[in-house]
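Welcome! Have a look at the structure, then try each task before reading on.

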Amino acid sequence: MTTRQEGARDLRLVLALVFVKLIVSCIILRLGFSHVSDDDYARVVIAQTFAHKPSVDPSGTSWLPFPFWIAGGVFMIAGRSLAVANVLALVQGGLGWGALFLALRRGHLTAWAAWVAAAIGMCLPWNAWLGASIVPEGYVGPLLAAAMILGAKPNAFAAIALLVCSLSRYESWPIAAVIAAHWLVQAARVRNAKWALLSLTSVAGAFAWMAWNHHAHGDALHFFVRVSRYRQNLNLPASAWVERLLLYPLAVLHIMGPVACIATGAAAALVNRQTRALWRVPLGLAAVFLVALIAGELKDGAPTHHPERAVLAIVSVLLAAGVSGWVTLFTIAKRRSAREMLFIGGSAALATCSLAWVVETSRDYPGRSASESRKAQIARGAALSSEVRYQVTPCAYEHFALIAAFGRPEQIEIREPSVRHEPTEQCPYVKMIDGRE
């Protein structure tokens, strides 16, 4: 098969992967999923504000700016409705998984093995939920995994992926730093200026954000201080150090469920001489990633909720390496008939078990409880008049759903409640600026 034919086949497989991604997202939304937390709607509101009045730092908080630049730019063109945000979420997720497939095709897996690895990861419940909501993890997870898989040698694909990820989620920073250092050593060894530039590109997002924080807040690490202070102010129950140590490793296992059996093939990928060179760096980066998350948790610098959201790239790398390992074992088995029977039978059993687990777990989506439902707020926000300014007093953080559905945050004045409590359908309290209800 010629290079052009391979390229055409890969393009068809990418389109097929995106199509499956859309089907999975539609099924998830049909089951009732709408959001992971109120942060989802807060992000929509910030992007809507950016579309109305662009700025370098749309959130003005510790949140990284790239997702708001993209969503805000789309809102400028297509309008600031929740429907546009939902479509954008599906597109971003599809592009992320397409990028992972293309990364796997760069010498790591055959076309169908790469497609299967990407499809399995994409259909895991947490990836399906995040891929159907307007949060950066929907595309950062697969995109960061793609950069890790291609991190052994300097290349523009991984450098641009790391730039996007490092301006979207903080957990990508340690990986960007390690890859950049690795590339810089290689560049210095052969005196390659292009490689040095790619190394700097991979960490440019992190350095640019620190420079902005120094300019805007007088402290390059202001975002870290803010996140740590926020976590401490939540007065979360004290956890034993062992529990905090195991939080992210257990999150990896929780995401994969029975599909973790596939990831065990990563051991075979490391043992085999042919595949060891391909997976040594990606799996090493996955280990570094996990250690960095654990260190962040111990220092109150990790995400404050849903640890599963931070480890999606690790899961994708493990699954891809696992598929590579199992394919290798199947290929080098000595007895062909026994090999085929074992592989086909085992695959069928695992596929049946995993499919049942995915279907059952997908119904257990976040944001499904009565207190987390935002249907009432969305309906109320959509019914507000576009010609009026309103004052909104939230009960907790449910007001973001109402404002996002309204689509004009500049016409909303938020009044801080004296006490925050669990919201009801009547929350938030809304009145016109002139005082009439």
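A charge sits over a ring if NZ of Lys or CZ of Arg is within 6 Å of the ring centre and within 35 degrees of the ring normal. Please keep in mind that this is a predicted model.

**Exercise 1.** Find the ring that the charged end of R43 sits over.

*Solution.* Start at R43: its charged end sits over the ring of W63, 4.3 Å from the ring centre. For another case, go to R408, which lies over the face of F406 at 5.7 Å from the ring centre.

**Exercise 2.** Classify the aromatic pair of Y390 and F406.

*Solution.* The ring centres are 5.8 Å apart and the planes meet at 90°. Planes over 60 degrees apart count as edge-to-face, so the pair of Y390 and F406 is edge-to-face. Next, locate the partners: Y390 lies in strand β1 (residues 390–393) and F406 in helix α19 (residues 399–406), so the pair ties together parts 16 residues apart in sequence. Finally, check the cover: both Y390 and F406 are buried.

**Exercise 3.** Work out which helix gives the most to the nonpolar patch.

*Solution.* First list the members: V242, L245, L246, L250, L253 and L298 make a nonpolar surface patch of about 500 Å². Then turn to helix α12 (residues 241–256), which gives the most to the patch, with five residues.

**Exercise 4.** Say how many aromatic pairs the structure holds.

*Solution.* The structure holds eight aromatic pairs. One of them is stacked: Y170 and F223, 5.1 Å centre to centre with 15° between the planes. Ring pairs also link Y170, W173 and F223 into a cluster.

Terms used. Residues are numbered from 1 along each chain as its sequence is written. This is a predicted model: local features need pLDDT of at least 70, side-chain atom pairs count only at pLDDT 80 or more; totals for chains, interfaces and linings use all residues. Side-chain values use heavy atoms; hydrogens and water are left out. Patches are made of residues with over 30% relative accessible area and no salt bridge: like charges are joined within 9 Å, nonpolar side chains (Val, Leu, Ile, Met, Phe, Trp, Tyr) within 5 Å. Accessible areas come from the Shrake-Rupley method with a 1.4 Å probe; for residues, only the protein chains shown count as cover. A salt bridge is a side-chain nitrogen of Lys or Arg within 4 Å of a carboxyl oxygen of Asp or Glu. Helices (H or I, at least four residues) and strands (E, at least two) are DSSP runs, numbered from the N terminus. Rings of Phe, Tyr and Trp (its six-membered ring) pair if their centres lie within 6.5 Å; planes under 30 degrees apart count as stacked, over 60 as edge-to-face and the rest as tilted. Buried means under 20% relative accessible area, exposed over 50%, partly exposed in between (1.4 Å probe, protein chains only).
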